[in-house]
Amino acid sequence: MTKYIFVTGGVTSSLGKGIISASLAKLLQSRGYSVTIQKFDPYINIDPGTLNPYEHGECYVTEDGAETDLDLGHYERFLNTPTSKANNITTGRIYQNVINKEREGAFLGKTVQVVPHITDEIKRNIRILGEDGKYDIVITELGGTVGDIESLPYIEAVRQFKWEVGSSNAIVIHLTLVPFLAAAGELKTKPTQHSVKMLLEYGIQPDILVCRTEHHLTQDIRKKIALFCNVNVNAVVESIDASTIYDVPLLMLKEQLDKTVLTKLKLSLKNEPNLENWKDFLGRLKNPTSEVCIGLVGKYVELPDAYKSIIESFIHAGAKNECKVKVQYIPSETLTPGNAIEKLRGLDGVLVAPGFGERGFEGKIEAIRYVRENNIPFFGICLGMQCAVVEYGRNVLGLKDASSTEMNPDTPNPVIAMMEEQKKVVNKGGTMRLGAYACDLKKGSKAAAIYGKLHISERHRHRYEFNNDYLKQYEAAGMIPSGFNPENNLVEIVELKNHPFFVGAQFHPELKSTVANPHPLFINFVAASLAYARKK
């Protein structure tokens with residue numbers, strides 16, 4: 001029977017439930033268990049696809065095309081296993097499913113209520129991943145904090161679920177805060193006590209407490225928390241601030257979180273965790289032999305979480321190159337022909353980030369012109385690739401009014417245009433080209449050399465594409481489309497011949513970079529930036 005672990009949060013948000021869930025999953029996986037993690041988000045959006053990145057950070061896309069919470073990126077990066085649409089559920093989707101059933105008459109005239117109908121739908125979604133037989137353990141992270149109005153149905157569903165399957169088949173880990181009061185010079189346990197008391201009011205006794213803290217917990221504090229919160233003292237786990245999220249699995253191993261969990265679930269400890277590759281990665285991450293400074297040009301740079309997967313991909317690729325990647329955030333709307341040189345001077349490489357809408361579009365084009373003309377390594381992702389096409393059209397092909405129809409629907413030279421299947425789309429949510437698609441690489445191209453193969457699969461999230469009417473013009477002028485979708489001939493990759501590294505990708509390579517498998521495009525981009533830095 002599949003075992004279930006629920007991770008709840010208290011006191012404050014942003015304590016790191018996603019990282020604790022991913023770290024625990026990594027430890028259980030390294031002991032030989034097959035584990036997956038799902039995230040339940042209490043907001044009423046159907047998915048995060050229509051949310052502004054300032055609201056919720058980046059929107060992470062799975063292989064099967066689900067637009068999901070950025071925590072799923074952490075799950076994949078830690079576990080090196082793909083997630084799916086079953087791994088992220090929102091209140092919006094729960095209610096939509098229940099209302100659709102009600103409209104179909106599936107409730108036989110009953111009054112539809114939060115309990116039992118909404119809670120039953122939540123429990124059904126908890127079970128989906130456990131029922132396909134692939135996983136020994138399913139970890140479910142509940143978004144928000146205990147006490148939020150919108151989280152109540154989830155807490156109630158967990159209470160019912162735990163009661164139904166039994167205490168050795170489902171446990172609750174509660175992540176809480178033990179703040180340090182500088183004036184008093186001590187750690188305070190009261191917020192944790194209140195948070196657990198609130199959980200108890202809802203009928204849930206947490207099995208394990210993970211305490212976020214800036215200072216080490218003394219044995220006395222652990223005993224105090226254990227006494228007031230009804231848990232064993234060995235189930236009070238310290239989660240101290242770490243220099244990198246990739247330290248957390250080893251910190252949790254030291255705290256024996258995995259052993260405590262397996263004991264409570266009545267599972268054998270199997271093998272000692274095999275984390276040699278993880279330690280090797282951490283060793284290279286923390287002991288770089290060189291450093292590069294890469295500019296990230298985007299419109300959401302005030303919130304680094306908007307580019308979470310890109311930043312993590314740089315960490316993976318940096319470790320592979322034994323090189324520290326310093327990312328310099330450059331707001332695209334501040335770039336003009338007059339200041340581009342000044343703002344980009346000194347960088348070893350420039351990545352132009354994905355995004356939507358007109359704001360900052362011209363700034364991205366200025367950045368690309370500067371790096372193309374000065375042979376600085378360039379990497380464009382999604383809109384970044386489209387900007388590279390527009391810039392080349394304007395400044396090399398002489399199509400002065402070249403643009404994307406997203407920015408200028410009436411442009412006489414739509415070198416980037418809406419995909420045919422997107423033209424009839426009315427609704428914005430979940431209707432883009434989403435998820436994994438095949439791509440064939442040209443023999444002898446830089447892309448083929450980077451991947452070391454000719455057939456790849458990458459994840460997408462876009463509505464606009466390279467306009468193939470201009471294909472021959474671009475090729476003749478030296479911008480080579482080196483990757484194509486085999487089914488519809490969509491241009492997936494463009495590159496420049498006589499440039500140290502100039503690659504634009506229509507897909508999102510950052511979504512497939514993990515600790516175990518850093519993405520080849522990022523590895524090569526960082527290597528090219530390193531080579532450029534050494535030449536300066």
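Buried means under 20% relative accessible area, exposed over 50%, and partly exposed in between, using a 1.4 Å probe and protein chains only. The close-ups below come from a predicted model, in which local features need pLDDT of at least 70, side-chain atom pairs count only at pLDDT 80 or more, and totals for chains, interfaces and linings use all residues. Residues are numbered from 1 along each chain as its sequence is written, and side-chain values use heavy atoms, with hydrogens and water left out.

**View 1. Cys382 has a positive phi without being a glycine.** Its phi is about 55 degrees. Cys382 is buried, with a relative accessible area of 4%. You will find Cys382 in the loop between β15 and α15 (383-395); helices (H or I, at least four residues) and strands (E, at least two) are DSSP runs, numbered from the N terminus.

**View 2. Lys270 is another non-glycine residue with a positive phi, near 50 degrees.** Lys270 sits in the loop that links α10 with α11 (276-286). Lys270 is partly exposed, at a relative accessible area of 45%.

**View 3. Helix α1 (residues 17-30) crosses helix α10 (residues 257-264) at roughly 75 degrees.** Their axes come within 9 Å. Axes are lines fitted to C-alpha atoms, for helices over the stretch in contact, and angles run from 0 to 180 degrees between N-to-C directions. The two helices are therefore roughly perpendicular to each other, a label for angles of 65 to 115 degrees (under 35 is roughly parallel, over 145 roughly antiparallel, and the rest oblique). Leu24, Leu27 and Leu28 of α1 meet Leu257, Asp258, Val261 and Leu262 of α10, where contact means heavy atoms within 4.5 Å.

**View 4. The largest nonpolar core has 56 residues.** Such a core is a set of buried Ala, Val, Leu, Ile, Met, Phe, Trp, Tyr and Cys residues joined through side-chain atoms within 4.5 Å. Ile5, Ile139, Ile208 and Val261 have the most contacts inside this core. Its largest share, seven residues, comes from α1. Leaving aside neighbours within four places in sequence, Ile208 has contacts that include Ile171, Ala235, Leu257 and Val261. Apart from this core lies another, of 41 residues, among them Tyr370, Val390, Leu399 and Val491.

**View 5. Nine strands form an open sheet with mixed pairing.** The order is β13-β12-β14-β15-β23-β22-β21-β18-β19; two strands pair if DSSP finds at least two bridges between them. At the edges, β13 (323-331) and β19 (455-462) each have a single partner strand, so one side of each is left without a neighbour in the sheet. On average, neighbouring strands are turned by 25 degrees against each other, direction ignored. Strands β15 (residues 378-381) and β23 (residues 502-505) run parallel and are joined by four bridges, with Phe378 partnered by Phe502. Helix α12 (residues 308-320) lies across β12 (290-298), β13, β14 (349-352) and β15, at about 155 degrees to β13.

**View 6. Strand β21 (residues 479-484) is mostly covered, with six of its six residues buried.** On one pairing, β21 joins β18 (residues 433-441) in the antiparallel sense over two bridges, and Leu441 stands opposite Gly483. Strand β21 also runs antiparallel to β22 (residues 491-496), through five bridges, with Phe484 opposite Val491. The β21 and β22 strands form a hairpin with six residues between them, and Asn489 in the turn has a positive phi of about 65 degrees.
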